[in-house]
Every structure is written in structure tokens, then in C-alpha cells.
Amino acid sequence: MSAPASEIERIAGIAKALGHPTRVQIVELLARQAECRGADVFGELPLAQSTISEHLKVLREAGIVDSSPDGPAMVYCLAPEALSAVASFVSRILEERACCTSSGACSTGGC
């Protein structure tokens with residue numbers, strides 16, 4: 001069963017946003033806590049603040065990270081809906097995938 005076009009676009013956008021090692025590191029950092037101040041994110045990664053800010057922007061635009069102001073600072077947290085959508089998509093692919101043996105024989109409906 002093929003996913004709706006809107007779901008495919010959403011998953012592709014999330015996958016693209018996660019296509020950089022720094023952004024994966026940011027997601028891992030945010031996964032370890034309910035929320036994280038921007039200064040904490042900047043302190044954890046050996047990159048310029050402007051570079052990290054750009055990566056956070058990409059993650060926010062993809063819906064992976066939410067942010068809110070806290071005085072002069074920003075607070076970041078994961079948006080679990082986006083990661084759940086990816087997890088559901090991957091689970092469905094794993095359940096529906098065709099399996100091929102070394103002899104070239106293939107079967108559908110999981111391995």
C-alpha cells in the first residue's frame with residue numbers, strides 16, 4: 001500500500017533535514033531532555049553559534065524541533081509527531097518489504 005502524497009512529502013522533508021550529522025547530533029541532544037536552552041545546544045557542539053542556529057532553523061522548518069522564547073533566550077524541544085511519523089513509515093516499510101534470497105528468489109509481505 002502506497003502512502004499518500006502528503007505523507008511522502010512530509011517524510012522526505014524530515015529525512016532531508018536529518019541528512020546532516022550535526023542535525024542528527026542536535027536531535028540526540030534534545031532527545032535526552034524535555035527542553036534545552038539555546039546556549040546549552042551551542043555549548044555542546046564545536047561549531048559557531050550561527051552554524052548551529054542555521055541547523056536548528058532547518059530542523060524547525062521540517063517540524064522536528066519546536067522552539068519558544070524564554071526571555072532573551074530560545075528554548076528548544078523535539079516535536080514527537082515528526083519522529084513518530086518517520087518511525088511509523090519505516091515500520092510499515094519493514095512489514096511490507098519484499099525479501100530476496102541469495103538465489104534471487106523474492107517474496108512479499110515481510111521476511
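His55 has its place in helix H4. Helices here are DSSP runs of H or I with at least four residues, strands are DSSP runs of E with at least two, and both are numbered from the N terminus. With a relative accessibility of 9%, His55 counts as buried; buried means under 20% relative accessible area, exposed means over 50%, and partly exposed lies in between (1.4 Å probe, protein chains only). Apart from its neighbours within four places in sequence, His55 is in contact with His20, Thr22, Arg23 and Ile26, where contact means heavy atoms within 4.5 Å.

This is a predicted model, in which local features need pLDDT of at least 70, side-chain atom pairs count only at pLDDT 80 or more, and totals for chains, interfaces and linings use all residues. Residues are numbered from 1 along each chain as its sequence is written, and side-chain values use heavy atoms, with hydrogens and water left out.

**Helix H1**

Helix H1 (residues 5–17) has 13 residues and reaches 18 Å from its first C-alpha to its last, close to the expected 18 Å; the expected span is 1.5 Å times one less than the number of residues. Ile11, Ile14 and Ala17 are buried in H1. Seen down the axis of H1, the buried residues fall within an arc of 125°, so they line one face of the helix; the arc is that of the directions from the helix axis to the C-beta atoms. An α-helix has 3.6 residues a turn, so residues three or four places apart point the same way. Ala5, Glu9 and Lys16, on the other side of H1, are exposed. The cover over the buried residues of H1 includes helix H2 (21–31), helix H4 (49–61) and helix H5 (80–96).

**The sheet**

Three strands form an open sheet in the order E1-E3-E2, with antiparallel pairing. Strand E1 (36–37) and strand E2 (65–70) are the edge strands, each pairing on one side only. Two strands pair if DSSP finds at least two bridges between them. E2 and strand E3 (residues 73–78) run antiparallel and are joined by six bridges, and Val65 stands opposite Leu78 in E3.

**Cysteines**

The structure holds zero disulfides, a disulfide being a pair of cysteine sulfur atoms within 2.5 Å.
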